Amino acid sequence: LSCQKYSLLLLVSLLQFARPVFGQNQPQDTVHLLTLIDQVPALMRSNEVEARKKMATIAKLSDQLNYKHGKVESAFFSSWLKYRHSPADVCIAAIDSALKYIQDIAKDPAEIKFYILKGQCYVKKTRFDLAVASFNVALDIAERKQDFVNRNGVLISIGWAYMEDGKPK
């Protein structure tokens, strides 16, 4: 797969599985936010303008409701758009900022996606040593959280980095 197709495929799979599990008594606003969060990945592929509108709504409502998972997802979507449209260093800076400044991000199931995306940025820069290091952080998180779906995605990313570096063995 090409680099862009691989990245898109990985993003979609990560976004589908990195959601918190909620009980039946969630406030309607939270359910609405989760619906918007679920819609953004497909829209990023088909209608980026609409995806950006929904991302703005997610950010605004998450701030109003102090909904931490929405804040994390909003920061991830923003970082992913930077990955697509900006130099890799811009995306890395956004990821580092999110990891440093978003309160309790380590408790969110989506935390792992930031390290995977950061690794993708380093692959884009052909800094495979840093890519593998970032992917290994993601792997440690997946194993600690017993997130086997994302663990498998991270292992694929590690293999991808070695393949791009010409070291498939």
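Helices here are DSSP runs of H or I, at least four residues long, numbered from the N terminus. With that settled, Asn 66 sits in the loop between α3 and α4, and I will come back to that loop.

The secondary structure of the chain comes to eight helices and zero strands. Of its 169 residues, 46% count as buried. The chain exposes about 9000 Å², and carbon and sulfur atoms supply 53% of that area. Among contacts between residues at least 6 apart in sequence, 63% join residues at least 24 apart.

Confidence next. The mean pLDDT of the chain is 87, and 83% of the residues reach 70 or more. Where is confidence lowest, and where is it highest? The lowest mean is 58, in helix α1, residues 3-17. The highest is 97, in helix α5, residues 88-101. There is also a stretch, residues 17-25, where pLDDT stays under 50. The model has 15 contacts beyond four places in sequence for that stretch. Where pLDDT is low, the predicted coordinates should not be read in detail.

Now the core. The largest nonpolar core has 48 residues. Those with the most contacts inside it are Met 44, Phe 77, Phe 114, Phe 135 and Val 154. Which elements give two or more residues to this core? They are α2, α3, α4, α5, α6, α7 (128-144) and α8 (148-164).

Take Phe 114 as an example. Leaving aside neighbours within four places in sequence, Phe 114 is in contact with Val 72, Ala 75, Phe 76 and Ser 79, among others. The list also includes Ile 95, Ala 98, Leu 99 and Ile 105.

On to single helices, starting with α3, residues 48-65. Helix α3 has 18 residues and reaches 25 Å from its first C-alpha to its last, close to the 26 Å expected at 1.5 Å a residue. Its buried residues include Glu 48, Ala 51, Lys 54, Met 55, Ile 58, Leu 61 and Ser 62. These cover an arc of only 145° around the axis, which puts them on the same side of α3. An α-helix has 3.6 residues a turn, so residues three or four places apart point the same way. On the other side of α3, Val 49, Lys 53, Lys 60, Asp 63 and Gln 64 are exposed. The cover over the buried residues of α3 includes α2 (28-46) and α4 (68-85).

Back to the loop I opened with. Asn 66, which follows α3, has a positive phi, near 50°, and Asn 66 is not a glycine. Most residues other than glycine have a negative phi. Is Asn 66 buried, exposed or partly exposed? Its relative accessibility is 48%, so Asn 66 counts as partly exposed; the exposed class begins over 50%.

Helix α5 can be read in a similar way. Its 14 residues should span 20 Å at 1.5 Å a residue, and the end C-alpha atoms are 20 Å apart, which agrees. The buried residues of α5 are Ala 88, Cys 91, Ile 92, Ala 94, Ile 95, Ala 98 and Leu 99. They cover an arc of only 160° around the axis, which puts them on the same side of α5. On the other side of α5, Lys 100 and Tyr 101 are exposed. What covers the buried residues of α5 includes α4 and α6.

One more residue of α5 is Ala 93. At 46% relative accessibility, Ala 93 counts as partly exposed. Ala 93 and Lys 118 are 25 residues apart in sequence, yet 9.3 Å apart in space, C-alpha to C-alpha.

The loop between α5 and α6 holds Asp 104. Phi of Asp 104 is near 60°, a positive value in a residue other than glycine. Asp 104 has 30% relative accessibility and therefore counts as partly exposed.

Last, helix α6, residues 111-124. Helix α6 has 14 residues and reaches 21 Å from first C-alpha to last, close to the 20 Å expected. How many of its 14 residues are buried? The count is 13, so α6 is mostly covered. Just after α6, Thr 126 takes a positive phi of about 60°.

That is what I have for today.

Conventions:
Residues numbered from 1 in each chain as written. Predicted model: local features only at pLDDT ≥ 70, side-chain atom pairs only at ≥ 80, totals over all residues. Heavy atoms only, no water. pLDDT = per-residue confidence, 0-100. Contact = heavy atoms within 4.5 Å. Expected span 1.5 Å × (residues − 1). Buried < 20%, exposed > 50% of the residue type's maximum accessible area, 1.4 Å probe, protein only. Arc of directions from axis to C-beta. Core = buried A, V, L, I, M, F, W, Y, C linked by side-chain atoms within 4.5 Å. Areas by Shrake-Rupley, 256 points an atom, 1.4 Å probe, with all protein chains shown as cover.
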